[in-house]
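Visitor: I would like a close look at one part of this model, with its surroundings described in order.

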Amino acid sequence: MGAATEPDRAIDTERYPLAAPASARWDEVVSATRAELAETGCCVLPDFVRPEWQETLRAECASVERDAHFDVETVNAYNIDVHAPLPEGHPGRLTVERGNAFVARDRLPPDHIVPRLYSNPLFRHFVANCFGLPEVHELADPLSGLVLNVVRPGMEHPWHFDTNEFTVSLLTQEAEGGGVFEYCPNIRSAEAENFDDVRRVLTGEGAHLVRGLTLRPGDLQLFKGRYSLHRVSAVRGATARHTAIFAYSERPGVVGSVARTRQLFGRVLPEHHAAEGRAVRVDALLD
């Protein structure tokens with residue numbers, strides 16, 4: 001990739017000047033992104049990866065799809081135990097089948113575009129500024145810090161909330177049909193779960209709360225998924241939908257829980273056992 005202070009050659013640095021944080025264009029992009037995030041919790045930067053590099057991006061990620069951990073399981077929107085004792089009418093009692101899959105970070109070749117971008121200090125600085133943060137850190141988790149999400153034909157990524165306050169993702173392969181990103185902007189907050197509206201969406205009665213977003217390969221998405229219920233609708237056709245998910249944290253040393261890691265990847269490493277019980281929550285939400 002070259003020096004750590006140089007942006008990746010695959011990035012459109014004229015449109016997104018990662019190496020020029022004092023420039024007028026930087027200020028313009030960051031200001032517009034912050035405003036959209038404040039309003040809807042979501043912002044898309046189109047063609048963040050140059051069009052001439054998008055086929056390389058697609059092929060690199062497609063080459064590791066075989067390494068995805070695939071397991072159909074029954075889940076709820078909060079990713080908590082589906083047998084948890086919850087009151088009647090609680091949206092956490094509504095369950096669906098989750099059939100999407102994840103390729104873990106240790107299966108992504110470090111010389112590919114996505115791992116290079118994840119570890120690039122200029123990219124992290126840009127992401128932090130867009131979210132209005134002084135800095136963000138790579139997760140210390142050897143599996144979940146950077147993943148490729150795979151939604152195969154006939155499958156979907158059902159309604160859920162993220163554990164992290166913010167998520168950065170990059171669509172690398174588009175489905176032939178379906179695979180639409182849908183979300184409910186700020187349906188809850190750090191202070192209020194708003195179970196009534198969440199239940200309306202989960203039961204199909206809250207269509208007025210849902211927005212659909214068309215993403216194209218090479219588009220970078222910044223999203224506050226902790227507070228916005230979201231999903232990827234069922235994929236149709238013969239081509240899987242691939243999305244690289246960049247997980248960062250406001251503090252260093254973050255490692256996922258043993259239970260959640262095993263759920264996503266079918267395995268855990270010594271780092272997960274060593275970190276168990278040290279998690280620091282940012283709020284008191286259900287999950």
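Which residue in β13 does Leu-45 stand opposite?

Guide: Leu-45 stands opposite Leu-220 in β13. Two notes on the source come before the rest. This is a predicted model, in which local features need pLDDT of at least 70 and side-chain atom pairs count only at pLDDT 80 or more, while totals for chains, interfaces and linings use all residues. Residues are numbered from 1 along each chain as its sequence is written, and side-chain values use heavy atoms, with hydrogens and water left out.

Strand β13 covers residues 220-223. Strands here are DSSP runs of E with at least two residues, helices are runs of H or I with at least four, and both are numbered from the N terminus. β13 belongs to an open sheet of 7 strands, with antiparallel pairing and the order β1-β13-β9-β16-β7-β5-β2. Two strands pair if DSSP finds at least two bridges between them. Strands of a sheet pair through backbone hydrogen bonds, either parallel or antiparallel.

On one flank, β1 is joined to β13 by 4 bridges, and the two run antiparallel. On the other flank, β13 pairs with β9 (residues 167-173), also in the antiparallel sense and over 4 bridges. In that pairing Leu-170 is opposite Leu-220, and Val-168 is opposite Leu-222.

Both faces of β13 are covered: Leu-220 and Leu-222 are buried on one side, Gln-221 and Phe-223 on the other. Buried means under 20% relative accessible area, exposed over 50%, and partly exposed in between, with a 1.4 Å probe and protein chains only. Helix α1 (residues 24-40) lies across β1 and β13, running at about 145° to β1. Lying across rests on contacts, meaning heavy atoms within 4.5 Å. The angles run from 0 to 180 degrees between N-to-C directions of axes, which are lines fitted to C-alpha atoms, for helices over the stretch in contact.

Phe-223 is the link to the next part of the fold. Its ring forms an edge-to-face pair with Tyr-183, at 5.8 Å centre to centre and 85° between the planes. Rings of Phe, Tyr and Trp (its six-membered ring) pair if their centres lie within 6.5 Å; planes under 30 degrees apart count as stacked, over 60 as edge-to-face and the rest as tilted. Tyr-183 lies in strand β11 (residues 181-184), so the pair ties β11 to β13, parts that are 40 residues apart in sequence. Tyr-183 counts as buried because its relative accessibility is 6%; Phe-223 has a relative accessible area of 4% and is buried as well. The structure holds 15 aromatic pairs.

β11 is part of an open sheet of 4 strands, antiparallel and in the order β8-β14-β11-β12. β8 (157-160) and β12 are the edge strands, each pairing on one side only. The twist in this sheet averages 15° from one strand to the next. β11 runs antiparallel to β14 (residues 229-232), with 4 bridges between them, and Phe-181 stands opposite Val-232. Helix α5 lies across β8, β11 and β14, at about 15° to β14.

Tyr-183 also touches Val-210, whose other contacts beyond four places in sequence are Trp-159, Glu-182, Cys-184 and Val-201. Val-210 sits in the loop between α5 (195-202) and β12 (211-213). Its relative accessibility is 25%, so Val-210 counts as partly exposed.

Last, the setting of these parts. The protein chain has 7 helices and 17 strands. Buried residues make up 50% of its 287 residues. Of the contacts with a separation of 6 or more, 85% are between residues 24 or more positions apart. The C-alpha trace spans about 55 × 40 × 40 Å along its principal axes.
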